[in-house]
Amino acid sequence: MEGVKIAALFVERGGPYWDLPNIDAWDKERDARLYAGPFPVVAHPPCERWGRYWSGGPSARVRRTLGDDGGCFDAALKAVELWGGVLEHPEASHAWKRFGLERPPRAGGWVASRKGATCCVEQGHYGHRARKATWLYYVGKGKPVLIWGASTGARLDEGFHSAAERRERRASGKRPVKRLSRP
């Protein structure tokens, strides 16, 4: 593709990267695991099997397997290390430990790891409605300057510590906080 400067891997068709000039977008259909260069990447591999609820959560009818993403994280990591760029995953991603990436401090700052560096940023600093702590792994010349620490994003959950507490508070008439997925 003429003029392409960055490959966006594991992105949604029609999402924020899709029609940008100089972006070579790879969705599920195109299979980002097959990316063979030559551009630096911005990789967003699926996180469902790596996050806090990798098993499907406490009420899941079918238990899942930790890291069962069809090799997506591994492919994203290899692409970033070969072509440069950044890989993004939710804070506390189990993939960090599995692939030997250094766990970054929540307060921010770059930490040397493998062939690059990791950090923790809150997406609330960059326009997301929630604070949404996110881990980044970057490989390239010079580390990007980012905004560290807590952002002013809204809390998106109800803040309960257990299902029993949630039921009790709801029964007493406390209304749930509006969720991000509902406009």
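Biologist: Is Trp110 buried, partly exposed or exposed?

Modeller: In this predicted model, the relative accessibility of Trp110 comes to 21%. Buried means under 20% and exposed means over 50%.

Biologist: Which angle do the planes of Trp110 and Tyr138 make, and is the pair stacked, tilted or edge-to-face?

Modeller: A search of the whole structure finds 8 aromatic pairs. In the pair of Trp110 and Tyr138, the ring centres are 5.9 Å apart. Planes under 30 degrees apart count as stacked and those over 60 as edge-to-face. The planes here stand at 55 degrees, so the pair is tilted.

Biologist: How many residues apart in sequence are the parts that the pair of Trp110 and Tyr138 ties together?

Modeller: Trp110 belongs to the loop between H2 and strand S5 (111-113). Tyr138 is part of strand S7, and at 14% relative accessibility it counts as buried. The pair therefore ties together parts whose separation in sequence is 28 residues.

Biologist: What is the geometry of the aromatic pair that Trp110 and Trp148 form?

Modeller: Trp148 lies in the loop between S7 and helix H3 (163-171), so its pair with Trp110 ties together parts 38 residues apart in sequence. Trp148 has a relative accessibility of 30% and counts as partly exposed. The distance from centre to centre is 6.1 Å and the angle between the planes is 85 degrees, a pair that is edge-to-face.

Biologist: Which residues form one aromatic cluster with Trp50?

Modeller: One member of this cluster, Phe73, is among the buried residues of H1.

Biologist: In what order do the elements of the protein run from the N terminus?

Modeller: The secondary structure comprises 3 helices and 7 strands. From the N terminus on, their order is β-β-β-α-β-α-β-β-β-α.

Biologist: Which element supplies the largest share of the largest nonpolar core?

Modeller: The largest nonpolar core has 27 residues, of which Leu9, Tyr35, Phe73, Leu87 and Tyr137 touch the most other members. Strand S1 (6-9), strand S3 (41-43), helix H1 (72-83), helix H2 (94-98) and strand S7 (133-139) each provide at least two of its residues. The largest share is 7 residues, and the element that supplies it is H1.

Biologist: How many residues make up the other core, which lies apart from it?

Modeller: Members of this other core include Val42, Cys119, Val121 and Tyr138. Of these, Tyr138 has a relative accessibility of 14% and counts as buried. The number of residues in this core is 6.

Biologist: Against which elements do the buried residues of H1 pack?

Modeller: The buried residues in H1 are Cys72, Phe73, Ala75, Ala76, Leu77, Ala79, Val80 and Glu81. They pack against S1, S3, strand S4 (85-90), H2 and S7.

Biologist: What span should the 12 residues of H1 have, and how far apart are its end C-alpha atoms?

Modeller: The expected span is 1.5 Å times one less than the number of residues. For the 12 residues of H1 this gives 16 Å. The end C-alpha atoms agree with that expectation, because their separation is 16 Å.

Biologist: Is Asp27 buried or exposed?

Modeller: Asp27 lies in the loop between strand S2 (23-26) and S3. Leaving aside neighbours within four places in sequence, Asp27 is in contact with Val11, Arg13, Trp18 and Ala32. Its relative accessibility is 6%, and because buried means under 20%, Asp27 counts as buried.

Biologist: Which backbone nitrogen does the side chain of Asp27 reach at 3.0 Å?

Modeller: A polar atom of the Asp27 side chain lies 3.4 Å from the backbone nitrogen of Glu29. At 3.0 Å, the side chain of Asp27 reaches the backbone nitrogen of Arg30.

Biologist: With which side chain does the side chain of Arg30 make a polar contact?

Modeller: Arg30 is found in the loop between S2 and S3 and is partly exposed, with a relative accessible area of 35%. Not counting residues up to four places away in sequence, Arg30 touches Asp24 and Ala25. A polar atom of its side chain lies 2.8 Å from the backbone oxygen of Ala25. The side-chain partner, at 2.5 Å, is Asp24.

Methods:
Residues are numbered from 1 along each chain as its sequence is written. This is a predicted model: local features need pLDDT of at least 70, side-chain atom pairs count only at pLDDT 80 or more; totals for chains, interfaces and linings use all residues. Side-chain values use heavy atoms; hydrogens and water are left out. Helices (H or I, at least four residues) and strands (E, at least two) are DSSP runs, numbered from the N terminus. A nonpolar core is a set of buried Ala, Val, Leu, Ile, Met, Phe, Trp, Tyr and Cys residues joined through side-chain atoms within 4.5 Å. Buried means under 20% relative accessible area, exposed over 50%, partly exposed in between (1.4 Å probe, protein chains only). A polar contact is a pair of N or O atoms within 3.5 Å; within protein, one must be able to donate a hydrogen and the other to accept it, and residues adjacent in sequence count only if both atoms are side-chain atoms. Contact means heavy atoms within 4.5 Å. Rings of Phe, Tyr and Trp (its six-membered ring) pair if their centres lie within 6.5 Å; planes under 30 degrees apart count as stacked, over 60 as edge-to-face and the rest as tilted.
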